[in-house]
Amino acid sequence: MAATLAAPSVAVPRPGGRRLAALATLTRRRFALTAHTPRELFVPLLTPILFATVIAPALGKTVGTFAPGIDYMTFVAIATAGLLVPLNTMFSGIGVIVDRESGARRDMLAAPIQRSLVVLGNLAVAFAITALQVVALVGAAVLRGADFHTSAQSALWFAAGAGFLAIGMYGVAETLANRVPRVEEYIAATPAIAIVPWFFAGSLFPLGTLPVGLAWFARFLPLTHALALMRYGLLDRQGTGLRDIWGMHSATLMAMLSLAVVAAFAVAMTLISIRVFTRSAVR
Amino acid sequence: MEPAVEVHRLTKTYPGGVEAVKAVDFAIEPGEVFGLLGPNGAGKSTTIGMLTTTIEPTSGSARLAGHDVIDEPIAARSVSGVVFQDPVVDRGLTGRRNLQIHARLWGVDPTRAAERIVELTRAFGIEELLGRPVSSYSGGERRRLEIARALLSDPRVLFLDEPTVGLDPRIRYELLDLIGGLRAARDMTILLTTHYLDEAERLCDRVAIVHEGRVVALDAPGALLMAFGREIVELRVGGDPAEVLDALRSRGVANGDAFTIGSSVTIPLVEVASRDAIAEIHRLGVAAESLTTRTPTLDDVYLRLTGSRLDLAA
């Protein structure tokens, strides 16, 4: 076999929009790889859906209305979104290790693009899939009888809380994936990162019912702020959960403060994940 | 004319003090096929890693088509293509998707990319496979896909890092034909690393022999072999090979290029005919366990320069 090829022509780099075009390519690539393995789409959804449609109604039936105007089943249904987001983003991090061990990561590193775009492409897909799953989860909860008190405007608080939490948690996932040498170690660390904080973040009970020390610890968890925001947007219009954190009177002010905490978490973890990736990419 | 690749005092010391590359210098002219020849651990892949900006040099400098790999890494990457030593593909995606992604990342116009994909995959005999996931490709098919991918952007410098390692002999020879075809048809600089002597001799205009992070010889394969004359006598002796070599030198059979490794004495025949040399060896009464004559190879060059045999070191 002998290859005879035409004379080369020089590829002309496109100056404008080159970065966006590369980001779009990396995003499509990640999506194609993720869609190729449907387990990444559906496995993270199983536990939260089970919680929202089976466990939450059972708990709601047992507990009933535990605070004025707040149905416990709906309270837990929103908590399941706070479980789904970290679980799904952590599962997305496995793709980073697969890329490194047996995928095309080195070809991407040799590409004439900013290497941070590789992280941002992965983030875009993790974010989109998580958003889709949260919508599916809320839909399942509604079908099962959850009683949301919301409007289009207040739902934005929910979207912002869930969105920034997803971005921050993907940053955690990408950082961990680039730090651990083997996928087994990554999977072993996932419950500690994605599930344990959920038990302390006021997911299944109000923060005020925790011992004082644990309640203070919970205030430092981004998940606590994200959950309070999500509930403020869909259920708790009085801001009871936010008051447990901040102890102020203005629900809007407390919501903005919690939003700032979750947004800072998202920005910080994204920057850290980019730095860890670019440093690990070059020996 | 500006060199396509220019390397000056390039050094890499890994954490822990491992000196993988030690102040290497070379320059490669546009259109040249240049080989880095050496065993595993000689520093070949680290050198390529620094040139492709995935390994940070400890000191020294390198330029690709005039772009400094440290100061202008994106510009340097834009003029190069790489075929890695290990498989680097998205196995879950089709061959076509892998090629399209690469073309877009290198900024190749989509219409031009589609034409190049047809042109290259047809030339490499993988056109029919493009719709299949790469996980279903054989090792040789995947390698051809990777070479086609590296060529999509018409790179001015193509890096081939041990492109045939791990392939069975038949596929290896097919790939050598393919790479040779590139050399014949394209005005492109190729930097090839290998520990296969025949690959270097067959494909390269010039070869740098690398040993323990240093370039110990650099010239055209023919020029490197010239020092060994047309033939080599190799004898394995039962006694002290150094004594035998001294005796052969005193009789004018061996000169300064002759050397011993283990129980073997290797004698390049520059001025003496093999028949005369063998007769002289017999007259000396050397207790030779075996005596052979053969044409010299780059392995002999490597052996004389480093004291170890390339195929064993690899």
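1. Let me start with helix H1 of chain B, residues 44–51, which is mostly covered in this predicted model: eight of its eight residues are buried. The buried set is B:Lys44, B:Ser45, B:Thr46, B:Thr47, B:Ile48, B:Gly49, B:Met50 and B:Leu51. A residue is called buried if 20 or more other C-beta atoms lie within 10 Å of its own, exposed if 12 or fewer, and partly exposed in between, with C-beta atoms placed from the backbone. Helices (H or I, at least four residues) and strands (E, at least two) are DSSP runs, numbered from the N terminus. After H1(B) comes B:Thr53, whose phi is positive, near 65 degrees.

2. A word on conventions. Residues are numbered from 1 along each chain as its sequence is written, while chains are lettered from A and ligands numbered from 1 in the order in which they are written. As this is a predicted model, local features need pLDDT of at least 70 and side-chain atom pairs count only at pLDDT 80 or more, whereas totals for chains, interfaces and linings use all residues.

3. B:Arg9 is not a glycine, yet its phi is positive at about 50 degrees. B:Arg9 sits in strand E1, residues 5–14, and is partly exposed, with 13 other C-beta atoms within 10 Å. B:Asp154, also not a glycine, has a positive phi of about 50 degrees. B:Asp154 belongs to the loop between helix H5 (139–151) and strand E7 (157–161) of chain B, and counts as buried because 22 C-beta neighbours fall inside 10 Å.

4. Now chain B as a whole. Chain B contains 12 helices and 14 strands, and its C-alpha trace spans about 75 × 40 × 40 Å along the principal axes. Of its 314 residues, 47% are buried. Among contacts in chain B with a separation of 6 or more, 69% join residues 24 or more positions apart; two residues are in contact if their C-beta atoms, placed from the backbone, lie within 7 Å.

5. Chain B is divided into domain 1 (5–220) and domain 2 (229–295), with bounds that come from an automatic or database domain assignment. Taken over C-alpha atoms, the centres of domain 1 and domain 2 of chain B are 40 Å apart.

6. Chain A has 12 helices and two strands. What order do the elements of chain A run in, from the N terminus on? They go α-α-β-β-α-α-α-α-α-α-α-α-α-α. The C-alpha trace of chain A spans about 80 × 35 × 35 Å along its principal axes, and 46% of its 283 residues count as buried. Residues 24 or more positions apart make up 79% of the contacts in chain A with a separation of 6 or more.

7. How do H10(A) and helix H12 of chain A (residues 251–281) pack? Their axes are 9 Å apart and the angle is about 135 degrees, where axes are lines fitted to C-alpha atoms, for helices over the stretch in contact, and angles run from 0 to 180 degrees between N-to-C directions. H10(A) and H12(A) are therefore oblique to each other: angles under 35 degrees count as roughly parallel, over 145 as roughly antiparallel, 65 to 115 as roughly perpendicular and the rest as oblique. Residues of H10(A) that meet H12(A) include A:Pro222, A:His225, A:Leu229 and A:Tyr232, and those they meet include A:Ala251, A:Ser258, A:Val262 and A:Phe265.

8. In the loop between helix H10 (222–234) and helix H11 (240–246) of chain A you will find A:Gln238. Is A:Gln238 buried or partly exposed? A:Gln238 is partly exposed, with 15 other C-beta atoms within 10 Å. The C-alpha atoms of A:Gln238 and A:Phe205 are separated by 17 Å, and these residues are 33 apart along the chain.

9. Finally, confidence. The model scores ipTM 0.85 and pTM 0.86. Chain A averages a pLDDT of 87, with 90% of the residues scoring at least 70; pLDDT is the predictor's confidence in each residue, from 0 to 100. Over residues 1–13 of chain A the pLDDT is below 50, although this stretch has 36 contacts in the model beyond near neighbours in sequence. The mean pLDDT of chain B is 87, and 96% of its residues reach 70 or more. In chain B, pLDDT stays under 50 over residues 309–314, for which the model has 13 contacts beyond four places in sequence. Where pLDDT is low, the predicted coordinates should not be read in detail.
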